[in-house]
Amino acid sequence: MAQAATASRKPPLWAWIKRRILPVYMVVALTYLFMPVAIVILFSFNDHQGRYNFTWQGFTLDHWQNAFGVPRLFDSLVTSLQIAFISSAIATLLGTLIALALVRYRFRGRSATNLGLFLPMATPEVVMGSSLLALFIVLGVARGFATVVIAHIMFNISYVVVTVKARLAGFDRHLEEAAMDLYANEWTTFRKVTLPMILPGVMAAFLLGFALSFDDFIITNFNSGNTITFPLFIWGAARVGVPAQVNVFGAAIFFITVSIMLLNIRLQRRRA
Amino acid sequence: MTTDEATSLVNVGARQAARRRKAVPYLLLLPGGLWLAIFYIAPMIQLVGISLQEGTYQTGYSMTWRWENYADAFALAGSHFLRSFLYAGAATLLALFIAYPLAYGIAFRGGKYKNLLLVLVLMPFLTPFLLRTLAWKVILADSGFVVETLKTLHIISPSGRILATGWAVVAGITYNFLAFMTLPIYVSLEKIHPSLIEAANDLYAKPVTAFRKVTLPLSMPGIVAGTLLTLIPAAGDFVNASLLGNPQRLMVGNIIDNRFLRIVDYPTAAALSFSLMLVILAIIIPYVRASGTEDLVA
């Protein structure tokens with residue numbers, strides 16, 4: 001009671017400030033979060049002289065018009081897209097099978113499986129990258145495109161399992177049983193009932209895997225040999241001056257992935 | 001055929017079907033499990049193997065169970081090892097203080113804009129990691145507005161700088177892994193039913209007390225998960241230290257990268273890498289024991 005009394009005696013200004021602290025903080029925090037993005041986009045329009053693109057010198061559309069003007073940069077983007085597509089597709093397949101096993105079956109070795117999936121997510125990239133390199137060195141495997149794909153499949157499997165599992169959690173087993181009761185065999189049941197239900201989760205997992213693979217630097221760095229991905233190109237260029245075209249593609253990637261993300265949300269909302 | 005024979009035949013069929021059903025989960029696990037066994041577990045064993053070998057790149061390496069490699073590695077990079085956890089720890093703490101009110105605001109004040117706000121928070125992480133880090137080089141540049149403001153406020157000396165110091169590295173790491181902190185905290189706050197906090201208010205708890213006794217304990221799983229998810233990649237990172245930090249004060253990831261790929265001193269690099277794994281394991285084992293295996297990949 002005494003507390004309630006003191007609360008009402010507080011000056012209205014203090015109450016006014018208190019109500020607004022959190023919203024103001026959120027605006028500040030979002031500004032902080034978007035500041036580097038704004039700089040990436042802004043500097044794709046910077047008319048910079050010399051090799052370094054670190055100080056603002058004036059507006060130009062040159063880099064956007066001449067986006068494909070740095071041949072090795074374009075090659076690295078193509079390589080990254082290929083690696084992301086192949087590795088995410090295979091990881092999505094392998095991970096979806098594991099997620100199905102975990103959600104639909106009780107079996108011995110379940111906790112070992114969960115632990116085995118958790119560990120790669122809890123291992124620093126530098127350890128995974130260097131240990132995989134240790135294996136390739138011992139086996140005498142030359143590093144290149146294939147070893148990067150192998151590495152990306154490896155670190156993507158666990159994320160696929162988590163994503164697909166999240167979607168399968170609300171999954172009604174009775175629908176499958178109903179199909180079986182109507183004499184559909186296991187394969188038909190899977191194709192006609194299970195697959196359509198898990199498909200949004202599988203798609204989300206593929207997109208996540210694609211994004212993680214496309215942006216991976218540390219593990220790729222250890223296992224790439226002479227193959228140059230987009231992040232590896234930026235890393236190499238960082239010492240000698242990053243061409244502004246890198247910012248052009250960085251900005252383009254941002255806008256494209258944001259569109260995909262918003263589209264995905266809309267699709268899911270329509271479905272729900 | 002007698003009825004007995006018929007029933008036993010049916011039983012055999014049923015048993016075979018049951019056995020086949022029992023095999024199904026293992027068949028589903030097999031391809032992905034094999035992949036992880038060959039490309040996650042086997043490499044880890046090779047890493048330990050190489051860390052105990054002796055030799056040079058030119059003469060080749062041979063297994064001599066040389067445990068001294070670990071002592072040598074720490075004589076070389078012990079300070080980098082400590083610095084990694086100092087920077088990672090500082091960045092994790094900062095990330096917690098930045099992310100918690102943000103997640104709290106979205107969960108409890110977001111209203112119908114909850115999803116939009118969540119997307120906004122995740123959006124910056126769709127720009128490439130290396131470009132985001134390089135952008136911090138611009139923000140913290142010597143004559144940039146951040147440094148100039150801090151000079152005006154006499155927080156740093158007139159000749160002071162942020163770039164090429166530990167502060168820049170911590171700032172970069174904090175920013176780069178912030179989504180890993182925000183998401184789990186948001187998820188745990190979202191699950192709290194507002195009526196629990198209302199109940200605390202009805203029982204005359206001050207807002208601060210209600211937060212301390214109800215909201216904070218209930219969001220603990222998110223705080224713990226977010227802390228681990230930030231600390232682990234932060235401790236192993238070498239991109240921020242390399243692009244934003246002082247070349248004389250690098251992190252253990254830089255040394256592992258450098259020893260493996262440029263100096264080609266595999267045993268030392270492997271010893272450092274496996275030591276990092278052991279420290280991380282020591283951190284996550286209590287977490288795994290407390291949360292149980294079922295929630296690990298949920």
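B:Thr182 is buried, with 27 other C-beta atoms within 10 Å. The model is predicted, and this residue is found in helix H7 of chain B, which spans residues 178–190. Leaving aside residues up to four places away in sequence, B:Thr182 touches B:Ala99, B:Leu102, B:Ala103 and B:Val121. Sequence separation and spatial separation can be set side by side for B:Thr182 and B:Pro158. The two are 24 residues apart in sequence, and their C-alpha atoms are 35 Å apart in space.

A:Ser111 gives another case. This residue lies in helix H5 of chain A, residues 110–122. From A:Ser111 to A:Thr55 the separation is 56 residues in sequence and 53 Å in space, C-alpha to C-alpha.

Confidence was examined for the complex and for each chain. The model scores ipTM 0.90 and pTM 0.90. Chain A averages a pLDDT of 89, with 95% of the residues scoring at least 70. Chain B averages 90, and 97% of its residues score at least 70. Within chain A, confidence is lowest in helix H1, residues 2–9, where the mean is 51. The highest value in chain A belongs to helix H10, residues 218–223, at 96. Over residues 1–5 of chain A, pLDDT stays under 50. For that stretch the model has 2 contacts beyond four places in sequence. Where pLDDT is low, predicted coordinates should not be read in detail.

In chain A, domain 1 covers 2–62 and domain 2 covers 71–242. Their C-alpha centres lie 35 Å apart. In chain B, domain 1 covers 3–51 and domain 2 covers 69–295. Here the C-alpha centres lie 39 Å apart. The contact between the chain B domains takes 4 residues from domain 1 and 7 residues from domain 2. On the domain 1 side, the residues divide into 3 nonpolar, 1 polar and no charged.

The interface between the chains was then considered. In total, 69 residues of chain B are in contact with 71 residues of chain A. By residue class, the side of chain B that touches chain A holds 54 nonpolar, 9 polar and 6 charged residues.

A helix pair in chain B was examined next. Two packed helices are described by the angle between their axes and the distance between the axes. Helix H8 (residues 194–202) and helix H9 (residues 207–218) of chain B have axes that come within 10 Å. The axes cross at roughly 145°. The crossing of H8(B) past H9(B) is right-handed. From H8(B), the contact is made by B:Leu196, B:Ile197, B:Ala200 and B:Asn201. H9(B) contributes B:Ala210, B:Lys213, B:Val214 and B:Thr215. The residues of this contact divide into 5 nonpolar, 2 polar and 1 charged. Of the 9 residues of H8(B), the number buried is 0, so the helix lies largely in the open.

The backbone after H8(B) was also inspected. Most residues other than glycine have a negative phi. B:Tyr204 follows H8(B) and has a positive phi, near 65°. Its place is in the loop between H8 and H9 of chain B. B:Tyr204 counts as exposed because it has 12 C-beta neighbours inside 10 Å.

Chain A supplies a further positive value. Phi of A:Tyr183 is near 65°, positive in a residue other than glycine. A:Tyr183 is found in the loop between helix H8 (173–181) and helix H9 (186–215) of chain A. With 7 C-beta neighbours inside 10 Å, A:Tyr183 counts as exposed.

Key. Residues are numbered from 1 along each chain as its sequence is written. Chains are lettered from A and ligands numbered from 1 in the order in which they are written. This is a predicted model: local features need pLDDT of at least 70, side-chain atom pairs count only at pLDDT 80 or more; totals for chains, interfaces and linings use all residues. Ala, Val, Leu, Ile, Met, Phe, Trp, Tyr, Cys and Pro count as nonpolar, Asp, Glu, Lys and Arg as charged, and the others, Gly among them, as polar. Axes are lines fitted to C-alpha atoms, for helices over the stretch in contact, and angles run from 0 to 180 degrees between N-to-C directions. Helices (H or I, at least four residues) and strands (E, at least two) are DSSP runs, numbered from the N terminus. A crossing is left-handed if the near helix is turned anticlockwise from the far one by less than a right angle, and right-handed if clockwise. Domain bounds come from an automatic or database domain assignment. pLDDT is the predictor's confidence in each residue, from 0 to 100. A residue is buried if 20 or more other C-beta atoms lie within 10 Å of its own, exposed if 12 or fewer, and partly exposed in between; C-beta atoms are placed from the backbone.
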